[in-house]
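Here is a short tour of the aromatic side chains in this model. Have the structure open as you read along.

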Amino acid sequence: QLSFSAMERGLDAFAKYVPRDVVKMMLSGAMGRDTTMAWRTVSVLFTDIVGFTSLCEGTPSEVLVSLMADYFHVMCGEVLATGGMLDKFIGDCIMALWNAPLALRGHERAACRAALKMQSALVSLNTKWASDDMADVELRFRTGLNTARVLVGNYGCDHRISYTALGDGVNLASRLEASNKTFGTVVMVSESTRQGAAVEFHFRKLGRVIVPGKAEVVTVYELLCEQQQLQLQHLGVDGQPNNSGCSVDDQMMLYQWQWVRR
């Protein structure tokens, strides 16, 4: 009994360093331990905190560590709650995948839902920090989402291996996150992600652009909210019949601005 409990504690600790589903697959023999990767369609998310360099400069290290622990705990919880896999932290950036290592039907929708829930959770976090005498701290972050066929699996060498995703589709998700700054948006998604999630979410087309680091033109969208949050054809953002003459996109931009900040 004691040895079994010790093993469970060891596995729980191991799962903090390696995604839990990857640990389970390794133990069951469903995943090898060599550097092999396979093509798979996944939805990829990147987030990045606005002004993180300045935050590091003006915040005591001990406070910053505590702040980021709160932030990562809440944000990663939203990823896991929607069936996503935490790939890695890159400084303040979060990289996450859906549809790997386990198959997830509707992974585009799951990724979009996580992106919105993460923004909503940040509002509560900022309120908490303000009540904890950290009134000078108010974080904002931007998100990029892309769905693409990429290489997924064990990457590295004999000394260290990491389960991750590689490919142009992963790079595009990162570039979309950075492109939010140009458009003044919060969550930017690709055409492929929008197509897979359009039945449940509302998007605003931003246009066809060349994102940094890529030569091809891509169509990009802003993720606004879930379709069920508004009866778009009949109601305005306040729940009353829409007689304002404003377009649905204009209403949704206003709604999202209010929703992200409330």
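## The ring cluster

Tyr71, Phe72, Phe89 and Phe141 are joined into a cluster by ring pairs. Please keep in mind that this is a predicted model. The number of aromatic pairs comes to 3. One of them is formed by Tyr71 and Phe72, a tilted pair with 5.6 Å from centre to centre and 55° between the planes.

## From helix to strand

Phe72 takes part in another pair, this time with Phe89: the two rings are stacked, 4.1 Å centre to centre, with 25° between the planes. This pair connects distant parts of the chain, since Phe72 belongs to helix 4 (residues 61-81) and Phe89 to strand 2 (residues 85-90), 17 residues apart.

## A charge over a ring

What lies over the face of Tyr221? The residue is Arg194, placed at 4.9 Å from the ring centre. For this contact the cut-off is within 6 Å of the ring centre and within 35 degrees of the ring normal.

Technical notes. Residues numbered from 1 in each chain as written. Predicted model: local features only at pLDDT ≥ 70, side-chain atom pairs only at ≥ 80, totals over all residues. Heavy atoms only, no water. Phe/Tyr/Trp six-rings, centres within 6.5 Å; stacked < 30°, edge-to-face > 60°. Helix = DSSP H or I, 4+ residues; strand = E, 2+ residues; numbered from the N terminus.
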